[in-house]
Amino acid sequence: MNKQIKNRHDIRKLLDDTILQLERNTRFLETKQYLQHGKMSVYEHCIRVAEKSCDIAWKMRLDVDYTILIRGALLHDYFLYDWHKKDSSHRLHGFFYPGKAYENAKRDVALTEIEEDIIKHHMFPLTVIPPKSKEAWIVCIADKICASEETLKRK
């Protein structure tokens, strides 16, 4: 576990600092323009997934790198387009957007191997290669929990 992480307050501060860093240095704010599930923006969804990922890791007392976990979770849906628009390039969005999110993230920030793993494999089993790291498995699970809640909430 990160030496600087001693409690949930430390995790929240790291999350808030990471969000601010991405807002200032990437196109992360653009994700506010795109809907993900129901009325939830991609921006809000990614923050929820980061929060849920941290909750899972903390409650299970997993030895994870919270900095990498948070960055990967925040960038996992960094595809930067409206997949709801009728466009042939959006066909089978769920299968292919992790690759687009990875390309965008790689262009905007230096990614660790674990962050790459998180972004590329969070849609498992739609993406046939499973996550390799603890952090990527956590984000994969957190994403499915958040997506389910967001989808069911809209009805």
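Me: What pattern does the protein chain follow when read along the sequence?
Reply: In this predicted model, the secondary structure of the protein chain comes to 6 helices and 2 strands. Taken in sequence order, these elements give the pattern α-β-β-α-α-α-α-α.

Me: Which element of the protein chain has the highest mean pLDDT?
Reply: The protein chain as a whole averages a pLDDT of 87, and 85% of its residues score at least 70. Among its elements, strand S1 (residues 35-37) has the lowest mean, 74, whereas the highest mean, 98, belongs to helix H3 (residues 66-75).

Me: Which residue caps the N-terminal end of H3?
Reply: The cap involves a side-chain oxygen that lies 3.0 Å from the backbone nitrogen of Thr67. The residue that supplies this oxygen at the N-terminal end of H3 is Asp65.

Me: At what angle do H3 and H5 pack, and what is the handedness of their crossing?
Reply: Helix H5 spans residues 113-121, and its axis and that of H3 are 9 Å apart. The angle at which the two helices pack is about 35°, and the crossing of H3 and H5 is right-handed.

Me: How many residues of the contact of H3 with H5 are nonpolar?
Reply: On the H3 side, the contact is made by Thr67, Ile68, Leu69, Arg71, Gly72, Ala73 and Leu75, while H5 contributes Ile114, Glu115, Ile118 and Ile119. Of the residues in this contact, 2 are polar and 2 are charged, and the number that are nonpolar is 7.

Me: Why does Thr18 count as buried?
Reply: Thr18 lies in helix H1 (residues 8-25). A residue is classed as buried when its relative accessible area is under 20%. Thr18 therefore counts as buried, because its relative accessible area is 4%.

Me: Among contacts in the protein chain between residues at least 6 apart in sequence, what share joins residues at least 24 apart?
Reply: The share is taken over contacts between residues at least 6 apart in sequence. Within that set, the share that joins residues at least 24 apart is 63%.

Note on methods
Residues are numbered from 1 along each chain as its sequence is written. This is a predicted model: local features need pLDDT of at least 70, side-chain atom pairs count only at pLDDT 80 or more; totals for chains, interfaces and linings use all residues. Side-chain values use heavy atoms; hydrogens and water are left out. pLDDT is the predictor's confidence in each residue, from 0 to 100. Helices (H or I, at least four residues) and strands (E, at least two) are DSSP runs, numbered from the N terminus. A polar contact is a pair of N or O atoms within 3.5 Å; within protein, one must be able to donate a hydrogen and the other to accept it, and residues adjacent in sequence count only if both atoms are side-chain atoms. Axes are lines fitted to C-alpha atoms, for helices over the stretch in contact, and angles run from 0 to 180 degrees between N-to-C directions. A crossing is left-handed if the near helix is turned anticlockwise from the far one by less than a right angle, and right-handed if clockwise. Contact means heavy atoms within 4.5 Å. Ala, Val, Leu, Ile, Met, Phe, Trp, Tyr, Cys and Pro count as nonpolar, Asp, Glu, Lys and Arg as charged, and the others, Gly among them, as polar. Buried means under 20% relative accessible area, exposed over 50%, partly exposed in between (1.4 Å probe, protein chains only).
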